[in-house]
Amino acid sequence: MSKIEQIIGELEDYISSCKPLPLSNTKISVNKDELDEYIRELRLKTPDEIKKYQKLISNKDAILADARAQAEQMIHEAQMHTAELINEHEIMQRAIEQANEVIDDASAKAQAIVDQAMAEANEIRRSSILYTDNMLANLQMLMEHSIENTRSKYDTLINAMSKDLEIVAANRKELNPAPEEESPEELAASVKEVMDSPSGNFEI
């Protein structure tokens, strides 16, 4: 509470304590000296209070100006921080996009390498199968030729031995005729059967 407000309060209390005049509800009896004292104190305190209020107003203006400056600074810093965040976000977005591009490029190159390796592996497999088939074909041809050649020599040997066997049988028959003996044809058939059996191994 200011001094003026305090004096005014005391003056109000003093007026309230004064006695009313006879036959009047609005007029009171006051002590002039006391009233003058209150007025004198008001006159003395008023300049000081005015200066005080002026100083407060001046300080208030300075405080408001400082508050406005601080608020403007805070707004400026907030705007700068927002701009930095936006820039960081853009940088992060670009970094993410670049990272995705690198990943996609690496994946594409890796897939190309895998596809190339699979193609080369398939080509090697196809070439290996073709080479092996050619080798087996040559072996098959060689074996067929060997079998045919062996069969031809074998048939020639059998025919020659059959003729010799017929001659031997005929000679024996002339020396010692026997009706129960096998004919030369039957003997030749027996010899051929023995030669064709699995146990009949001959080198040609």
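Tutor: Bear in mind that this is a predicted model. Tyr-14 has a relative accessible area of 11%, and because buried means under 20%, Tyr-14 counts as buried.

Student: OK, and Tyr-38, buried or exposed?

Tutor: Tyr-38 is buried too, since its relative accessibility of 18% falls under the 20% limit.

Student: How many aromatic pairs are there, and which residues form one?

Tutor: The count comes to one aromatic pair, and it is formed by Tyr-14 and Tyr-38, whose ring centres lie 5.8 Å apart with 40° between the planes, a tilted arrangement. The two partners come from distant parts of the chain, as Tyr-14 sits in helix α1 and Tyr-38 in helix α2, 24 residues apart.

Student: Which residues make up the largest nonpolar core?

Tutor: That core has seven residues, namely Ile-4, Ile-7, Leu-11, Tyr-14, Cys-18, Tyr-38 and Leu-42.

Student: Switching topic, where does Asn-31 lie?

Tutor: Asn-31 is in the loop that runs between β2 (28-29) and α2. Its relative accessible area is 36%, so Asn-31 is classed as partly exposed, that class covering values between 20% and 50%.

Student: And how far apart are Asn-31 and Cys-18?

Tutor: Their C-alpha atoms are 8.6 Å apart in space, while the two residues are separated by 13 residues in sequence; Cys-18 is also one of the core residues listed above.

Key
Residues numbered from 1 in each chain as written. Predicted model: local features only at pLDDT ≥ 70, side-chain atom pairs only at ≥ 80, totals over all residues. Heavy atoms only, no water. Core = buried A, V, L, I, M, F, W, Y, C linked by side-chain atoms within 4.5 Å. Buried < 20%, exposed > 50% of the residue type's maximum accessible area, 1.4 Å probe, protein only. Phe/Tyr/Trp six-rings, centres within 6.5 Å; stacked < 30°, edge-to-face > 60°. Helix = DSSP H or I, 4+ residues; strand = E, 2+ residues; numbered from the N terminus.
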